[in-house]
Amino acid sequence: MSTTEQRKVIDSRGSFCPGPITDLFKAYRSAQLGDVIELLATDPAAKADVTAWTQKSGNELVGIVDEQGYARITVRVTKKR
Amino acid sequence: MSQVTSLRTEEEEEQTERMLIILSKGSMDMAYPALMIATTAATMGKEVHMFFTFWGLQAVSKKSVGSLKVSPVGNPGMPMPNILGMIPGMTAMATRMMGGKMKKAKVPSIPDMLKMAKDLGVKLHACSTTMEVMGVSREALVDEIDDVVGAATMVSLGEGGQTIFI
C-alpha cells in the first residue's frame with residue numbers, strides 16, 4: 001500500500017529479558033504499518049518471546065535466521081494500537 | 001491482505017486483558033522479576049497494574065529504590081550455607097554479585113525499570129495501610145506512583161485478569 005515502508009535494525013545483542021522485547025516494542029511504537037523491524041539478539045529466549053509477542057500483538061513474524069552467535073528476528077508491523 | 005487480517009483481529013480483541021502484580025517483598029531479587037513481568041506484559045498489550053504492599057513499598061520509596069538488597073539468609077537457593085549468610089558483609093556481597101550480573105545482562109537498574117514500566121503504561125499503586133503502619137508518606141514515594149489505594153481497589157483491578165503475588 002505505502003511506498004514509504006521502512007526497514008529498521010535494532011541491536012539487542014548482549015541484552016537479556018526483558019531487553020530484546022522492550023527494544024523491539026520501542027521500535028514498534030515509532031513504526032508505521034508495513035514497516036519491517038529486524039531484531040538482533042543473543043538472548044536464547046528472544047526467539048520464543050518475540051514469537052509470543054507477535055501472536056499477542058497481532059503483528060507478523062517474517063522469519064528467524066540464525067547468524068554467527070546471534071539470531072536475526074524479522075517482524076513486520078501489521079497492527080498498530 | 002494484511003489489512004483485512006488486522007481489521008478482524010482488532011474487533012476480536014476489543015477487550016484489553018489485565019494483569020495485576022502484587023509485590024510484597026522489598027529485596028532486589030523480588031523486585032526484578034515483578035518489574036520484568038510487568039514491562040513485558042505491557043509490551044504485549046496488557047493493561048498492567050502493580051500493587052506495592054508491605055516490604056514491597058521499599059521498591060518504590062525514594063530512600064530505598066536505588067539500594068535494594070539481596071539477602072543470603074533464609075534463601076536456600078543461594079550457593080552458600082545459611083549460617084554463613086549471617087556473617088556481616090554477606091548481604092552486601094550477594095547484592096553486589098547480583099547487581100553486577102544484572103548490569104552485565106544489560107538489565108536496567110530498579111529505578112530505571114520503574115521509569116520504563118511507567119513509560120509503557122504500567123499503573124503503579126501503593127498500599128495505604130502499609131504506608132500508615134510503616135510511617136511512609138506519599139512524598140516519600142517515587143514520582144512514578146500513580147495513586148495510594150486499598151485492598152478493595154486492588155481486588156477490583158485484578159478482576160477478570162491474571163494476578164501474580166510476589
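A residue is termed buried if 20 or more other C-beta atoms lie within 10 Å of its own, exposed if 12 or fewer do, and partly exposed in between, with C-beta atoms placed from the backbone. The structure is a predicted model, in which local features need pLDDT of at least 70 and side-chain atom pairs count only at pLDDT 80 or more, whereas totals for chains, interfaces and linings use all residues. Residues are numbered from 1 along each chain as its sequence is written, and chains are lettered from A and ligands numbered from 1 in the order in which they are written.

Helices (H or I, at least four residues) and strands (E, at least two) are DSSP runs, numbered from the N terminus. Chain A contains two helices and four strands, arranged along the sequence as β-α-β-α-β-β. The radius of gyration is taken over C-alpha atoms, and the globule rule is 2.2 Å times the number of residues to the power 0.38. For the 81 residues of chain A, a compact globule would have a radius near 12 Å, and the value of 12 Å for the chain agrees with this. The C-alpha trace of chain A spans about 35 × 25 × 20 Å along its principal axes. Of its 81 residues, 38% are buried. Two residues are in contact if their C-beta atoms, placed from the backbone, lie within 7 Å. Among contacts in chain A with a separation of 6 or more, 60% involve residues 24 or more positions apart.

The four strands of chain A form an open sheet in the order β1-β2-β4-β3, with mixed pairing; two strands pair if DSSP finds at least two bridges between them. Strands β1 and β3 (60-67) of chain A stand at the edges with a single partner strand each, so one side of each has no neighbour in the sheet. On average, neighbouring strands of this sheet are turned by 20° against each other, direction ignored. Axes are lines fitted to C-alpha atoms, for helices over the stretch in contact, and angles run from 0 to 180 degrees between N-to-C directions. β2(A) and β4(A) run antiparallel and are joined by six bridges, with A:Glu38 opposite A:Thr74 in β4(A). Both helices of chain A pack on the sheet: α1(A) touches β1, β2 and β4 of chain A, its direction making about 160° with that of β2(A), while α2(A) touches β2, β3 and β4 of chain A, its direction making about 5° with that of β4(A). β1(A) and β2(A) run parallel and are joined by five bridges; A:Lys8 has A:Ile37 in β2(A) as its bridge partner.

In a regular strand the side chains alternate between the two faces of the sheet.

Helix α1(A) comprises twelve residues, 19-30, and reaches 17 Å from its first C-alpha to its last, close to the expected 16 Å; the expected span is 1.5 Å times one less than the number of residues. Nine of the twelve residues of α1(A) are buried, so the helix is largely enclosed by the rest of the structure. The buried residues are A:Gly19, A:Pro20, A:Ile21, A:Thr22, A:Asp23, A:Leu24, A:Phe25, A:Ala27 and A:Tyr28. Their cover includes β1 (7-11), β2 (36-41), α2 (46-57) and β4 (70-76) of chain A, together with α2 (28-43) and α4 (110-119) of chain B.

The contact between the chains takes 17 residues from chain A and 14 residues from chain B. On the side of chain A that touches chain B, α1(A) gives the most, with four residues. The residues of this side divide into six nonpolar, seven polar and four charged; Ala, Val, Leu, Ile, Met, Phe, Trp, Tyr, Cys and Pro count as nonpolar, Asp, Glu, Lys and Arg as charged, and the others, Gly among them, as polar.

Chain B contains six helices and five strands, and 28% of its 166 residues count as buried. Its five strands form an open sheet in the order β4-β3-β2-β1-β5, with parallel pairing. Six bridges join β1(B) (residues 18-23) to β2(B) (residues 47-52), and B:Leu20 stands opposite B:His49 in β2(B). Helix α2(B) lies across β1, β2 and β5 of chain B, running at about 170° to β1(B).
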